[in-house]
Amino acid sequence: MNLQIDTGEVVGIIGPSGAGKSTLLRCLNLLETPDAGSIQINDQKFVAPKIADRDKIKFRQETSMVFQQFNLFRQKTVLENVTEGLITVQKRSKAEAETIARTQIEAVGLTDRIDYYPQQLSGGQKQRVGIARSLAMQPNILLLDEPTSALDTELVDEVLITIQQVVETQKNLTVIIISHELSFIRDVASRIVVFDVGGIVEQGTPTEIFTTPKKERTKQFLQSYQRQALTS
Amino acid sequence: MNLQIDTGEVVGIIGPSGAGKSTLLRCLNLLETPDAGSIQINDQKFVAPKIADRDKIKFRQETSMVFQQFNLFRQKTVLENVTEGLITVQKRSKAEAETIARTQIEAVGLTDRIDYYPQQLSGGQKQRVGIARSLAMQPNILLLDEPTSALDTELVDEVLITIQQVVETQKNLTVIIISHELSFIRDVASRIVVFDVGGIVEQGTPTEIFTTPKKERTKQFLQSYQRQALTS
Amino acid sequence: MPKLIDFPLIFTNIPRLLKALPVTLEITFFAMIFGLILGLLLAVIKINKIPVLSQISAVFVSFIRGTPLLVQLYISYYAVPILLKYINYYNHTNFNVNAVPALLFVLIAFSLNEAAYNSENIRAALLSVDRGEIEAAQSLGMTKWQVLKRVTIPNATVVALPTLGNAFIGLMKNTSLAFVASVVDMTAQGQILAGSNYRYFEVYLSLAIIYWIMTIITEQILKLLEKRLTIFQKATQVAAPASTRRFWQRSRLEVAVHDQHSTSHEAVQSPNRI
Amino acid sequence: MPKLIDFPLIFTNIPRLLKALPVTLEITFFAMIFGLILGLLLAVIKINKIPVLSQISAVFVSFIRGTPLLVQLYISYYAVPILLKYINYYNHTNFNVNAVPALLFVLIAFSLNEAAYNSENIRAALLSVDRGEIEAAQSLGMTKWQVLKRVTIPNATVVALPTLGNAFIGLMKNTSLAFVASVVDMTAQGQILAGSNYRYFEVYLSLAIIYWIMTIITEQILKLLEKRLTIFQKATQVAAPASTRRFWQRSRLEVAVHDQHSTSHEAVQSPNRI
Amino acid sequence: ATTVSVGTSGGPKPFTYVDDNNKLVGYDVDTVRAIDKVVPEYKFTFQKMEITSLLTSLDSGRIQVAANNFASNPQRREKYYYSKPVFRDRDVLVVLKDNKSIKKFDDIAGKTTIGTPGVNFTTAVEKFNKVAKNPSKITYSNEDAAKTLQDVQDGKYDYVLIDKVLYDNYQKTYHLDKIKAIELDSKDTKKISASIPYSYLLVEKTPEGKKILTAINKGITKIQSNGTAAKLSQKYFNGNYVPK
Ligand SMILES: Nc1ncnc2c1ncn2[C@@H]1O[C@H](COP(=O)(O)OP(=O)(O)OP(=O)(O)O)[C@@H](O)[C@H]1O
Ligand SMILES: Nc1ncnc2c1ncn2[C@@H]1O[C@H](COP(=O)(O)OP(=O)(O)OP(=O)(O)O)[C@@H](O)[C@H]1O
Ligand SMILES: [Mg+2]
Ligand SMILES: [Mg+2]
C-alpha cells in the first residue's frame, strides 16, 4: 500500500474494526515499527525496519499523537502534562514552556482546570488536554486515533468541536484522524481513506466516498453503519 | 414508593441513568439492604433494615439475579458455574445437579461449551451462562439488570432471544428486567415501570407507555432516546 | 600452607546435615499451615473491622513486624518459664513448664510470626477478589462461610500464591533461629558439626548448596501449583485473526507526507465545514 | 527467690544500645539505596531479556534467594581473603584484602542481597506502569532514558513503595548478622552488653522496644511518603450526586410479589411477541 | 611497629567484656594490652565479632590473634598456633544441691546436659561419650550460659560443665539457690583437657603468625614474671589464676 499526504490536508481514515487503522497511525509515530517499507516526511526518509533510536526521536517530533485512551500523565497536573514535552524534549525553560502551555490550554478551554490532576477531569476534558499536549509540541502532523470513542455520548461533542477548531485555525497542520463518527469525518476531512484488511480500499473527497462510493466494500461498510445507528 | 408484581408478570423497568433502577433490583435480592421498607414474596415478608442472615439466604432463594457484568465464577467451567448453587445451596447430589445444569445449558444453546471456562467465552455466551445459572436455581422471580449493556452490538441479539425464550416457555416465572433496549422491553414486558430519581414516574402496558405516555417526564425520556439513536 | 579449605568435606557434610532436614521441614510446614489459618483469621478480623479483636490484632501484627524473630523466640522460650516461676513463687503453685517440649515453643513462635506477616498479604488478596463473583454467590443464596470457602478463598489463593511461596522459602531458611531454644534444625546441625572439627566455612558452603537446591525445588513446585490453579486463565480465547497479522507482515508500508503538493492527490476543500 | 528479671535494666540498657544505632542505620540506608539501584538494573535486564546478562542475573537472584543471608555474609567476608591466600601461595604474590574495612564487605553483601530481593518487586512495579503513558511519552519524542526517568520510575515508585518499605524494615532488623563480620550493630551491641552483665533476656527486651519504635516511626514516614506520592489520586473527582443518595435514604421501599393477581395491575399480553 | 588484629567476642565477663564506658576490658583483653606494652615490635588492636566467627577469621587472616578464653584441644592445635598459657582454670560440674549421684566427672554417664557446639566443655563431654559405655546425653543449643544454669536449677538437665570463675559470676547475678558447684580434682580435670585446664591466645598458622607467636610468648613470660599477670588475675577473679 502507498499513501501520500500533503501539508495541511485533513485525512480521515475509516474502515471496519481490525482493519489495521490504528496500526497504520502508530507506525506514523513509530510506536509500532513496520516490518518493511518507508516513511517520508518532507525530505526526511525513514526506512523500516532498521531505524536508529536517535532517528526515531527526531521523527516523533514531526508527528504528535492524540490517543483513544487519552494517556495523560496521571501524576502530573494539566499544566505539567502540557509542559512535559516542551521541557524534557524541546529543552525549553520552564517559564517559556508554561507560556506556550497556557496558550494551548486556553485554546481547548481548560484554563480553569490548569492545576487539576487527570483523575479530577471528565473524559472529554482529558481528551482536550491530550490535544493541547500534542499541539504544544508544534508538530507538522497531528495524529488522532479514535479520539472520542472512549467517551460517553454527552462528552463526544466538546472534543469534536475542539478538533474542528484546531483544523480551522491551523491551516498548515496536517491532520490524520481515525474515527467512527462518520458525520464528523465527513464534515472535517479534506480527504477520506477507506481502509480494510489488505490495505486501502478507496480514497477520495468526502462527497465521493459518502455519496458515490466506487467499491463494493465501501458501500457495505457504510451500510452496516447506518443499520447500527437505527437499531440502537 | 410502592410496587406490586403478580406471579408470571414480566415487568420492564426503564428510566434515566442514576435513577436508582439497579439499586431497586439489588434490594430485591438483598445485595443492597434498604434503609427502610419491606419486601414481601408470596407470604414471606421481610422488613428492612434488620434482616437476619438466615432470612436473607432464604429470601435470596426466591429470587435469582442476572448481572450486567455476568459475574460468572471464573475458576469454574460452564457446567460448574451452573451446578455450583444447586450443590452448595440446594444440597443436591452432584449427579442430580449436573442433570439439571445440562438441561439449562442446553436451553441457552451452550451444550458444546459445557467444559469451557468463562474466559474462553464471548460476552454473549457468558451472559447466556449467567441466565442458565439463575434459572437452574428455579427461582420464583428472575431479576435481570441490563443484561446486554456490557455486550458488543453484534452479541446483544443472542442474549435477547434467550431471554425471550425463557419468558415464553416459563409462564409462571416472574421476570423483572431493567434494560435500555426499549424496543425489546416493549416486545417482552407485560408491564412497564418508568423510574426516575424520586421513585416511580408512571407504569402501564407497553402500548400505554410508548404510545400514550401520561407524564411529561416519560415523554422527555423516550424522546432523548430516539434522538440518540439517530445521531450515532 | 595449612589446608584452608577442605573441599571434599563440603560434600561429605551434606548427608550428615540432611539428618536434621526433617526438623527444618517440620517447623516450616507447621508454621506455614498455622500461619495461614491464623493469618486468614487476622485478615478477616481486619477487613470486617471487628471491634476489640481488630485493635488487639493490629498491636499483635505491629509487634511481630516491629521486632526481630530472634527476640520473639526468646520471649516465647524464656519469658513463659520465667513468668511461671514468678507465679509459682508468689502463689505457691507448682506449674512446671519443663514438661512442655522446646519444639512446641518454637512452633508457636514461628506460627505467630508467619500469621502476622501473612495476614497482610491474605488481606490484600481477599480484597482483590472481584465483588461481582461474591455477589453472584450471595445471590445464589450461599451463606457467608460458603461464599468464603467456595469463591473468595479460591480466588484469593491465586493472587496470594507467589507471596506465600516467598514466605515459605524465607521460613525454610529462618528455622536456624530455633537453635536458641535448643531445637536443632539443619543450620544448627551444621554448627554442631563444625563445633567438632572447627570447619565452619565448609559447613556453611554445604548448607548453601542444600538450601539452594531446596529453594529451587520449592520454586518448581510453586510454578506447577500456579499452573494448576490458573488453568482457567491459560485456556486461550479465540485467537486474534491470523490473517490480519500475516497481511501486515507481508505488506510494505509506504507513507509520505510532503511539503509540496503531490501529484496524485489534491487537497480537496471540504464542502460543508461547519 | 532469685532475681530472674532485672526490670530497670531493660530501660537502662537502651541508651547504651543506641550507641550502635548509627551502624544499624548506616548498613540499612546504604544497602537499601544500592539495593534499589542495582535492583532496578537487574529488573531492566530481565524485562529487556538482555542476552548474557539476564542469564547471569537469574542465577545471581536465585542464589541470593536460595541461601541464608548469613551464608552470603560468610562468603563475602571470608571466602575472598581465603581465595587470595591461595592465590598468594601459589603465585608468590602478596595481595591482602584485610586492609579493606570489614564494613565494606558487609555493605556489599547486604546491598547484593537487597538488590536480588528488590529486583523482582521493581520488575513487577515497572511492568504495572500503564503502557499508554509510556507511549505518550515516547510519542512526545522522549529518549528511553527520559521515559524511564520521567514516567516509568515515578509511576512504578507508587506501586513498589509498600513492598520496599517492608524490605527496609526487614533490613533494619537483619543487620545483626553483620556481627559475624565483626561489625557491631545494635543487636551485636546487645550481645556484648549481655556478655558483661549476664542478662541476655533483658537485653533482648530492650532491643524489642527499640526496634518496635523504629518500625513504627518508619511506617509513619512511609505513610506520609505515600500520601505525598499519591496526591494525584486523593484529589476527589466530581462527587456522586448527593440528591439521589438523600432520596434513597428518606424513601421507603415497598415491594410485594404475590401469587394471586393483585387488583391494581392485570398482566397484559405483549401485542407483538416475536 | 606492625599492627596485629586481635579478635574477641566481648563475652563472657570477666574474660572479655565492655565496661560501663563501652570500653573493651577483661582478663584476656588486658593481658593482650599488657603484652603490647612489653613487645615493642607489634601493636595490638581489637576487633569485636561473633564468637563462632573468631576461628574462621583466623583462617582467613582477618585477624592474627584470638583472645576469648580459648582452651586447647587436638583439632584446634592442628589449625592454629597456641601461645603459652595465660590462665589456669578450674572446671566445675553444676548440679542440684540435693543431687547425690554426681560427685566426680565419670558420674555424668547416663546423665543429661546442655551445651553450645564447639565450646570446650561440650567437646569434653563428646570425648567422654566416645569411650563411655553409658554416654551422657547432650542437648545442643545456642542458649546462653545463664539460662543453662537456670535449666539445671529447674531440673531440666542434670548438670552442666563450666568455668569456676564464670559460675561464681553468674551466681552473683542470679542467686540461683538450688544449685551447687562440684570442683573437679586434677585427675578428672585431665580427662577434660588432656592437660591442665589452661586457656591460651590463638595465633594464625602462617609464617607471620609464627613471628607473632614468638613475640607474644616472650611478652607472656615477661608479664608473668614481673607480677602484672597476677595483678590482673586479682582484679578480675579475686584470686591467683596465673599458670605456674
Ligand atoms: N505490525 C503488525 N504486523 C502484523 N499485524 C499487526 C501489526 N499490528 C497490528 N496487527 C494486527 O492487525 C490487527 C489490526 O489492529 P488495529 O488495532 O490496527 O485495527 P483497527 O483498524 O484500529 O481496529 P479498531 O477499529 O478496532 O481500532 C490487530 O488484530 C493486530 O493484531
Ligand atoms: N441504598 C441507597 N441509598 C441511597 N442512595 C443509593 C442507594 N443505592 C444507590 N444509591 C445511589 O443512587 C444512585 C442510583 O444508582 P443506580 O445504579 O441504582 O442507578 P441506575 O438507575 O441503575 O442507573 P444506570 O442506568 O446508570 O445503571 C447511585 O448514584 C447510588 O450512589
Ligand atoms: Mg484502532
Ligand atoms: Mg444500573
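B:Arg74 is partly exposed, with 32% relative accessible area; here buried means under 20% relative accessible area, exposed over 50%, and partly exposed in between, computed with a 1.4 Å probe on protein chains only. The model is predicted, so to speak of local features requires pLDDT of at least 70, side-chain atom pairs count only at pLDDT 80 or more, and totals for chains, interfaces and linings use all residues. Residues are numbered from 1 along each chain as its sequence is written, chains are lettered from A and ligands numbered from 1 in the order in which they are written, and side-chain values use heavy atoms, with hydrogens and water left out.

Which residue forms a salt bridge with B:Arg74? The partner is C:Asp130, and the closest N and O atoms of the pair are 3.4 Å apart. A salt bridge is a side-chain nitrogen of Lys or Arg within 4 Å of a carboxyl oxygen of Asp or Glu. Side chains of opposite charge can pair when their charged atoms come close. The pair joins two chains, because B:Arg74 lies in the loop between strand 5 (63-66) and helix 3 (78-88) of chain B, and C:Asp130 in the loop between helix 5 (102-128) and helix 6 (131-139) of chain C. Helices (H or I, at least four residues) and strands (E, at least two) are DSSP runs, numbered from the N terminus. C:Asp130 is partly exposed, at 32% relative accessible area.

Chains A and D also share such a pair. D:Asp130 forms a salt bridge with A:Arg74, with 3.4 Å between the closest N and O atoms. This pair crosses between chains, from the loop between helix 5 (102-128) and helix 6 (131-139) of chain D to the loop between strand 5 (63-66) and helix 3 (78-88) of chain A. D:Asp130 counts as partly exposed at 32% relative accessibility, and A:Arg74 is partly exposed at 33%.

Within chain E, E:Glu183 forms a salt bridge with E:Arg90, the closest N and O atoms being 3.6 Å apart. The two residues are 93 residues apart and belong to distant parts of the chain: E:Glu183 is in strand 12 (residues 179-183), and E:Arg90 is in the loop between strand 7 (87-88) and strand 8 (91-96). E:Glu183 is partly exposed with a relative accessible area of 39%, and E:Arg90 is partly exposed at 33%. Elsewhere, salt bridges that share partners join A:Arg26, A:Glu32, D:Arg131 and D:Glu135 into one network. Over all chains, the structure holds 44 salt bridges.

The text now turns to the interfaces. Contact (heavy atoms within 4.5 Å) involves 36 residues of chain C and 36 residues of chain D. The area buried between these chains, which is the accessible area (1.4 Å probe) that two parts lose on being put together, summed over both, is about 3,400 Å², and carbon and sulfur atoms give 70% of that area. The rule finds 2 salt bridges across this interface. C:Arg65 forms a salt bridge with D:Glu219, with the closest N and O atoms 2.8 Å apart. Helix 3 (51-66), helix 4 (69-91), helix 7 (144-174) and helix 9 (200-229) of chain C each supply at least two residues of the side that touches chain D. That side of chain C divides into 26 nonpolar, 5 polar and 5 charged residues. In this classification Ala, Val, Leu, Ile, Met, Phe, Trp, Tyr, Cys and Pro count as nonpolar, Asp, Glu, Lys and Arg as charged, and the others, Gly among them, as polar.

Between chain C and chain E, the buried area is about 2,100 Å², of which carbon and sulfur atoms give 53%. How many salt bridges are counted between chain C and chain E? The count is 0 salt bridges.

Chain A is divided into domain 1 (1-62 + 141-232) and domain 2 (72-138), with bounds that come from an automatic or database domain assignment. The C-alpha centres of the two domains lie 24 Å apart. Between the domains of chain A, the buried area is about 970 Å², of which carbon and sulfur atoms give 69%. The count between them is 1 salt bridge. A:Arg128 forms a salt bridge with A:Glu158, the closest N and O atoms being 2.2 Å apart. Helix 6 (residues 153-169) of chain A gives 7 residues, the largest share of the side of domain 1 that touches domain 2.
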